[in-house]
Amino acid sequence: MIEVRDLRVRYGGRLVADVPELDVGAGECVAIVGESGSGKSTTLLSLLGLTPDAEISGQVRVCGVEVLTASPRRLREIRGARVALVMQSPQAALSPATRLGVLMRRALKLHGVGNGSAKGSAEIMAEAVAAVMLDPEILTRYPHEVSGGQAQRFALALAIALGAEVILADEPTSALDVTVQAEVVGVLRRLRAERGLALLLVSHDLALVSTIADRVLVMKDGAVVESGPAARVLAEPRHPYTRELLEAVLSVPGASL
Amino acid sequence: MTAGKDGVMASAEAVPLRRWLPRVPDRFAALGAVLLVLVVLSAILAPWLAPYPMGELRPLEQLRPPSGAHWFGTDQVGRDVFSQILYGGRTSLFIAVAVLGVSAVVGVTLGVVAGYAGGWLRDVIMRVTDVFLAFPALLLSLAMAVVLQPSVNTVVLAIAVTWWPWYTRLAASMAASIATRSYVDAARCLGVPAPLIILRHVLPNSLTPVLVQLSLDAGGVILTSAALSYLGLGAQEPTAEWGLMVQQGQTLFTTNWWVVTFPGLAILVTAFAFNVLGEGLRNALDPRSGTARVVK
Amino acid sequence: MLRYLARRLGQALLVVAGVVVLTFAVMRLVPGDPAVAFAGPKATPEQLAEVRRRFGLDDSLPVQLLNHVRDLISGDWGISLHTRQPVRDDLYQAFPASLELVGAALLIAVVVGIPVGVLAARHQRRLPDLGVRFGSMLAVSVPVFWLALVLQLVFASRLGWFPIAGEYDSSLDTTSPLTLWTNITIVDALITGNWPIFTSTLQHLVLPALVVAAYPTGVIAQMTRAALIEESGQDHTKLERALGFGETSILTKFALRPALNPVLSLIALVFAYSIVNGFLVEAVFNWPGLGRYAADSIRSLDTPAIAGVTLLVALVYVLANLVVDIVQAFVDPRTRAR
């Protein structure tokens with residue numbers, strides 16, 4: 001679903017992300033780990049063509065679309081409908097004056113899901129919300145009236161309703177409480193298992209990564225320093241930086257992989 | 001894909017669609033500055049630039065249309081409109097400087113005291129400020145100008161009375177935020193007396209926004225003073241003043257377009273220059289606050 | 001929510017009290033004897049004493065202020081020196097016409113200013129944006145009395161597209177007299193189906209309303225643009241882009257609602273400002289509103305009338321701000337929760 005070759009993202013001449021190879025197939029989960037500023041979020045956003053001001057080179061194919069050369073119109077068609085984005089700060093990602101249901105209905109209408117009929121889209125919305133175990137009543141609420149975990153699950157419901165095949169998640173749990181994190185991770189895992197969604201996860205939370213990812217890319221200062229199967233990379237890190245990251249987690253009391 | 005260096009809201013895709021709209025460099029503030037320099041210079045140099053002395057009556061040359069001898073024509077008593085406009089600039093700029101000087105000194109002093117001191121003193125000052133701000137400035141100025149003798153000084157007083165509260169409010173919020181900074185705390189703990197803290201730390205830090213506000217306000221003062229003079233409440237003969245020129249020319253306007261058009265344009269250009277410069281300064285000093293200028 | 005309303009109301013009352021004191025103070029600054037002003041220079045000492053007694057001018061200032069407040073509350077706003085009528089009646093006659101003019105102007109300002117602001121924000125730093133910024137700056141910098149004269153000369157005197165002055169063709173008063181309901185001519189003509197007066201008023205309204213609209217249109221366009229640019233830098237627009245929405249629909253569907261909040265409070269500010277700005281325009285177009293009344297009062301140094309106008313406009317101003325704050329509290333889901 002995602003094929004990246006020799007992706008280079010520059011801001012004003014400065015190289016912020018250099019990814020020679022990144023593939024995510026249907027039903028697969030790949031995680032990009034690294035500290036903040038390592039270029040992992042930029043990589044993620046460039047997959048949707050959402051990095052304004054950036055100079056990008058290389059080859060990026062998402063859901064069969066060449067993102068770097070696609071027309072704006074073509075890009076807008078895959079955004080949301082086939083590739084969903086889940087952002088870090090859940091409430092800030094939602095427009096404050098728009099009820100969640102209104103946002104979802106507008107998105108459905110935009111992509112022509114539910115054939116534009118009110119009844120069709122209402123059904124789709126109810127199903128999607130139920131699939132992430134939210135009360136349908138959530139659709140009548142404003143962003144400030146829902147919790148972080150609810151907002152994050154709503155973002156996933158958006159992906160389901162629009163029939164996305166790929167989910168790009170940027171630190172989806174880092175703003176949440178531990179118990180709420182577990183809920184969101186649970187939903188992510190089920191989506192992957194039941195619907196065969198491809199999942200590309202950006203995180204600095206190695207505990208999360210170890211429970212869900214098949215493969216891992218470790219990024220530092222814009223470059224990929226190590227990559228491989230999650231079990232191998234986390235158990236026998238080869239690059240000193242990966243070891244550093246792991247040690248940092250292990251030294252935190254109570255943290256475990 | 002090479003996206004343009006767009007502002008906050010641009011996305012990479014926006015570029016091809018908007019090719020037909022070339023990006024324009026932001027020369028707004030520069031335009032304002034150039035205009036303002038022209039206006040100020042022409043006012044200062046009026047005695048040398050003006051082809052005719054101020055107020056010189058030429059009974060034989062009444063209401064001449066614009067020509068080589070009289071660029072902007074002559075008025076009903078034969079005065080050269082161009083010369084009168086140059087001298088009128090002195091009146092307008094004097095009023096603007098005087099009003100803003102008085103307002104800023106009074107307003108900032110009260111505001112800094114209110115913001116730094118806090119407590120009941122702050123409450124009293126700010127409530128009084130609220131009352132003054134409850135008037136549209138022009139209205140209170142009107143009322144003031146009516147009860148006093150019409151003159152340039154009356155205009156200054158009448159406008160300054162309505163203008164200082166804006167500076168009080170601005171300075172109070174600045175002072176309040178600065179007063180809580182750690183270095184001010186430190187100074188207080190060291191026993192530095194309050195007036196000294198205000199002088200050394202609070203005032204200098206409040207200056208930038210006040211300066212921006214001053215240049216944003218100058219346009220409004222120019223417009224208000226011209227309006228007062230137009231109503232006959234401000235400058236009187238023989239003072240050259242743009243609003244007064246419009247008032248005196250308006251009955252002749254249908255047959256002599258130049259007697260009203262040029263003084264009005266002078267007001268417009270001057271107010272425009274101040275407004276544009278003020279906006280440019282604000283954007284340069286505080287790019288995040290994109291809010292439009294406050295209505296006075 | 002209730003506590004917020006109560007606090008806001010208390011604040012407004014405090015401001016009104018201050019406004020009353022302030023107008024009283026300004027009116028007492030009048031050089032000369034108010035009694036002489038009313039009775040005229042040829043009045044005998046007995047007549048002056050009578051006037052003083054009648055208006056309580058012999059009392060001490062605080063007592064006068066208290067009496068003044070009591071009179072205001074009981075509806076006695078004094079007697080106008082130049083119309084020799086109760087100021088309250090004069091204001092009641094003049095205010096609706098001002099409201100009509102300013103209402104029409106604000107309608108123009110909102111209908112033009114907001115879309116133009118959206119256009120500028122959509123094409124930020126490109127030609128349309130530059131045009132809007134330039135135009136709106138001109139609009140807020142133009143002296144209204146001059147613009148009124150120029151438009152009147154060009155479009156009424158020279159081109160003859162619009163009537164030169166007045167509120168409607170006064171000959172219509174005999175052919176199709178207007179039944180008054182609200183005292184606002186255009187509204188009354190509309191609800192009573194008086195089409196001759198309605199169209200005549202509309203024609204007379206165009207030029208003065210355009211002039212009064214210049215300033216509000218400019219500030220509303222600037223504010224809309226700034227608020228939209230600010231809002232479109234918020235995190236949520238990233239999600240909307242990722243959902244496939246185009247830039248224009250992000251601006252109009254998601255960013256505009258929250259961005260309109262500051263624009264709404266601006267409209268309240270600009271409303272009262274425009275009433276006063278309208279004074280200058282009313283004088284030029286001979287519009288029978290507060291401005292013409294104020295101009296006449298100024299000419300005859302009619303302090304009670306000027307105090308009345310000042311007080312009325314200040315009250316309207318306070319009220320407009322109050323209404324906007326309350327509406328905003330209801331509209332904004334974030335404050336509504338409080």
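**Helix 2 and helix 11 of chain B, and their surroundings**

The crossing of helix 2 of chain B and helix 11 of chain B is left-handed, and this description belongs to a predicted model.

Biologist: Which residues of helix 2 of chain B meet helix 11 of chain B?

Modeller: On the side of helix 2 of chain B they are F28(B), A29(B), L31(B), G32(B), A33(B), L35(B), L36(B) and V39(B), and among their partners in helix 11 of chain B are V269(B), F272(B), A273(B), L277(B) and E279(B). By class, this contact has 15 nonpolar, three polar and one charged residues; Gly counts as polar, and G32(B) and G280(B) both take part.

Biologist: How do you know what kind of element chain B is built from?

Modeller: Chain B has 11 helices and zero strands, and from the N terminus on its elements run α-α-α-α-α-α-α-α-α-α-α.

Biologist: What share of chain B is buried?

Modeller: Of the 296 residues in chain B, 50% are buried, where a residue needs 20 or more other C-beta atoms within 10 Å of its own to be given that word.

Biologist: Where does UniProt place the "transmembrane region" annotation in chain B?

Modeller: The unreviewed entry puts it at residues 28-50, 93-119, 131-164 and 257-278 of chain B, although such annotations may be inferred rather than shown by experiment. In the model, residues 93-119 of chain B are 96% helix, with end C-alpha atoms 39 Å apart, while residues 257-278 of chain B are 95% helix, with end C-alpha atoms 32 Å apart.

Biologist: What makes up the side of chain A that touches chain C?

Modeller: The contact takes 23 residues from chain A and 18 residues from chain C. Helix 2 (72-78) and helix 3 (100-110) of chain A each supply at least two residues of that side, and the largest share, three residues, comes from helix 3 of chain A. By class, the side of chain A that touches chain C has 13 nonpolar, six polar and four charged residues.

Definitions and conventions:
Residues numbered from 1 in each chain as written. Chains lettered and ligands numbered in written order. Predicted model: local features only at pLDDT ≥ 70, side-chain atom pairs only at ≥ 80, totals over all residues. Contact = placed C-beta atoms within 7 Å. Helix = DSSP H or I, 4+ residues; strand = E, 2+ residues; numbered from the N terminus. Buried ≥ 20, exposed ≤ 12 C-beta atoms within 10 Å, placed from the backbone. Left-handed = near helix turned anticlockwise from the far one by under 90°.
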